[in-house]
Amino acid sequence: QVHLVESGGGLVQAGGSLRLSCAASGLYNMMGWFRQAPGKEREFVAGISANTLNIWYADSVKGRFTVSRDNDRNMMYLQMNVLKPEDTAVYYCAAGHVFATAPGHYDFWGQGTQVTVSS
């Protein structure tokens, strides 16, 4: 059983930055970040393969967010720059076997961390 714990969320003004961390109890081939805003479906943000050679981003965050992972420490990160109010959501860390943008393809989830961007 893989356990995932997110941290690093908070309140930031538009244009600011935050760095999210995800601590995993094991190593999984595929890890990703998702987010869910109130009243909306959970959406894919970024994904990264175990060898870090394959990285994917949602169009809405390309050029602003950077996903990375440290396999020695079983950690994944999401550096978020130039934050916008529409980035406000609960951000979740997820782990799975293959790349997918659909949440249902991921086997394990963290509890989420709130990111709030004020205008």
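Biologist: How many positive and negative side chains does the chain have, and how far apart do the centres of the two sets lie?

Modeller: Before the answer, please keep in mind that this is a predicted model, in which local features need pLDDT of at least 70 and side-chain atom pairs count only at pLDDT 80 or more, while totals for chains, interfaces and linings use all residues. Residues are numbered from 1 along each chain as its sequence is written, and side-chain values use heavy atoms, with hydrogens and water left out. For charges, Lys and Arg count as positive and Asp and Glu as negative, with His and the chain ends not counted, and the place of a charge is taken as NZ of Lys, CZ of Arg, CG of Asp or CD of Glu. Here the chain has 9 positive and 9 negative side chains, and the centres of these two sets are 4 Å apart.

Biologist: How many helices and strands does the chain have?

Modeller: Helices (H or I, at least four residues) and strands (E, at least two) are DSSP runs, numbered from the N terminus. In this chain there are zero helices and 11 strands. The radius of gyration, taken over C-alpha atoms, can be set beside the globule rule, which is 2.2 Å times the number of residues to the power 0.38. For this chain the radius is 13 Å, close to the 14 Å that the rule gives for 119 residues, so the chain is as compact as a globular protein of that length. Along the principal axes, its C-alpha atoms fill a box of roughly 40 × 30 × 25 Å.

Biologist: What share of the residues in the chain is buried?

Modeller: Buried means under 20% relative accessible area, exposed means over 50%, and partly exposed lies in between (1.4 Å probe, protein chains only). By that rule, buried residues make up 46% of the 119 residues. Accessible areas come from the Shrake-Rupley method with a 1.4 Å probe, and for residues only the protein chains shown count as cover. The chain exposes about 6000 Å², of which carbon and sulfur atoms supply 49%.

Biologist: Which residues of strand β1 form its covered face, and which its uncovered one?

Modeller: In a regular strand the side chains alternate between the two faces of the sheet. In β1 (residues 4-7), Leu4 and Glu6 make up the covered face, whereas Val5 and Ser7 make up the uncovered one.

Biologist: In which sense do β1 and β3 pair, and over how many bridges?

Modeller: Two strands pair if DSSP finds at least two bridges between them. Strand β1 and strand β3 (residues 18-24) pair in the antiparallel sense over four bridges, and Glu6 has Cys22 in β3 as its bridge partner.

Biologist: How do I follow strand β5, and with which strands does β5 pair?

Modeller: Strand β5 (residues 43-49) is mostly covered, with six of its seven residues buried. Strand β4 (residues 30-36) pairs with β5 in the antiparallel sense over six bridges, and Trp33 has Ala46 in β5 as its bridge partner. These two strands form a hairpin with six residues between them, and Gly39 in the turn has a positive phi of about 80 degrees. Strand β5 also pairs with β6 (residues 55-57) in the antiparallel sense, over three bridges, where Gly47 has Trp56 in β6 as its bridge partner.

Biologist: Where is Thr52 found, and what is its phi?

Modeller: Thr52 is in the loop between β5 and β6, and its phi is near 60 degrees, a positive value in a residue other than glycine. At 35% relative accessibility, Thr52 counts as partly exposed. Val82 is not a glycine either, and has a positive phi of about 45 degrees; its place is in the loop between β8 (75-80) and β9 (89-96), and Val82 counts as partly exposed at 48% relative accessibility.
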